[in-house]
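Me: I would like to go through this model with you, starting from its side-chain packing. Could you put it up?

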Amino acid sequence: MNPVLNSLKQAAIDWRLVMMGTVLAAIAIVFNILSGGLFMSPENLYNIAQQTAVVGIVATVVVLIIVARHIDLSVGSVMGFVGVLIATLMYTAGWHWVSASLVGLAVAIAVSLYQGALTAKLGVPSFVVTLGGLMSFRGAAFLVADGKTQPVNDAFFQRLGGGFDGAIGVSASWMLAGVIVLALMVQMWAKRRAKASYDVPNNPLWLDTAIVLVPVVIVLAFVASMNSYQIMNKDVPQGVPIPVLIWGAVALVLSFIVHRTRFGRYVFAMGGNPEAAALVGIPVRRVTLMLFALMGVLITIAAMVSIARLNAGTNSLGTSMELYVIAAAVIGGTALAGGSGSILGSVLGALIMQSIDSGMLLLDVSIGVRYVIIGQVLIAAVVFDVIYRRLTGDTV
């Protein structure tokens, strides 16, 4: 066999993620051609990055919910409820955004624990509990502000949404890119040294270098694009938008939890076989409650970013959010049967969903056709997941 092909075959590469990345690149190229170069313009890429951040933040924890064999259909409604509550406390009650956000966080965690307790303690299916929550908390969003839009005027808080002055600037963006590139290189060498210390065969150096170069090129290209975008009537380039930084930080923290903590291992063990997990001493109920509480935390963060971006809390906030985050998780390779999924996959899934939606908007596709296409993309992702698992022998 060819040495290069043999090295690729033996390398620990997640080919599902590679295929997803290829699909995302193909989508970008096709829409860029059809839109006459508008899709990959700095302005559109900046908007896609901001728009994807809210869905991406929630999708990271929805991955873990699905991995644990649960579902949450109420994420959009709870986000709308919490967002309107925060905006109302800021505008109508005159609270500082920090105090208002802390109250929103407490309410979101209480709501999530309530729904989690019904599932973990009483055994009510999460589908039923959160389906009821989808309707109930959408109604609560109306009741909080009596159906009125609540403006958000705090200048610092508005920056969290990535609007005017909602980015970190050129210099800070390049510094951030340098730190990420350095971290990727250090991580590669650390893995090679760890394998060598345990006499585990390493990939060829050229292959590990090539694997690291892919994210390095993506990071540098992304930062260059963000630094090229200038808001109308403002000559200073924007840089990386703050919502993307928040999304990235959330993804890093969730990845750490998944790979480096007992809680993360418990979630995947529960999804793989809940009965066996309980028999070996995993506190299934407590882990489920913690998982739903984590959902409440990230819903609050997403609500803050969303109302900051809109400069207001509206009753329609988070409408259809549950469809997009579940679609992002599934497209990202999360198995609906539980036990399998990745945070990086949810990032790619969210980008694919938003790229398709943004591309169709540029082409002036009607909203009806857009919903049809997005729905079929979700079905195609599930079909691909089923076929992929049959071909690879993965029965999880």
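Reply: What follows covers aromatic pairs, nonpolar cores, a surface patch and backbone angles.

Me: What should I know about the model and its numbering?

Reply: Residues are numbered from 1 along each chain as its sequence is written. This is a predicted model, in which local features need pLDDT of at least 70 and side-chain atom pairs count only at pLDDT 80 or more, while totals for chains, interfaces and linings use all residues; side-chain values use heavy atoms, with hydrogens and water left out.

Me: How many aromatic pairs are found in the whole structure?

Reply: The search finds five. Rings of Phe, Tyr and Trp (its six-membered ring) pair if their centres lie within 6.5 Å; planes under 30 degrees apart count as stacked, over 60 as edge-to-face and the rest as tilted. The pair F31 and F39 is stacked, because the ring centres are 5.7 Å apart and the planes are at 25 degrees.

Me: And F39, is that buried or exposed?

Reply: F39 is buried, with a relative accessible area of 2%. Buried means under 20% relative accessible area, exposed over 50%, and partly exposed in between (1.4 Å probe, protein chains only). F31 also counts as buried, at 13% relative accessibility.

Me: Why is the pair F81 and F137 stacked?

Reply: The ring centres of F81 and F137 are 6.0 Å apart and the planes are at 25 degrees, so this pair is stacked. The pair links distant parts of the chain, with F81 in helix α4 (residues 75–91) and F137 in helix α6 (residues 126–144), 56 residues apart. Helices (H or I, at least four residues) and strands (E, at least two) are DSSP runs, numbered from the N terminus. Both F81 and F137 are buried.

Me: Which residues form one aromatic cluster?

Reply: W97, F156 and F157 do. F157 is in contact (heavy atoms within 4.5 Å) with M90, W97, S101, V152, M304, I307 and A308, leaving aside neighbours within four places in sequence.

Me: Now the core. How many residues does the largest nonpolar core have?

Reply: It has 91 residues, and those with the most contacts inside it are V62, V75, M79, F157, V325 and I326. The largest share, 14 residues, comes from helix α3 (residues 42–67). A second, separate core of six residues includes A49, V223, V240 and V244. A nonpolar core here is a set of buried Ala, Val, Leu, Ile, Met, Phe, Trp, Tyr and Cys residues joined through side-chain atoms within 4.5 Å.

Me: What about L294, where does that lie?

Reply: L294 lies in helix α13 (residues 284–310) and counts as buried at 17% relative accessibility. Its contacts, leaving aside neighbours within four places in sequence, are V61, L64, L254 and F263. L294 and L113 are 181 residues apart in sequence and 9.4 Å apart in space, C-alpha to C-alpha.

Me: Turning to N32, which residues does it touch?

Reply: Not counting residues up to four places away in sequence, N32 touches G37, L38, F39 and M40. N32 lies in helix α2 (residues 15–34) and is buried, with a relative accessible area of 19%.

Me: Last topic, the backbone. What is phi of D146?

Reply: Phi of D146 is near 55 degrees, a positive value in a residue other than glycine. D146 is found in the loop between α6 and β1 (150–151) and counts as exposed at 60% relative accessibility.

Me: And phi of N311?

Reply: Phi of N311 is near 60 degrees, a positive value in a residue other than glycine. N311 is in the loop between α13 and β2 (312–313), and at 35% relative accessibility it counts as partly exposed.
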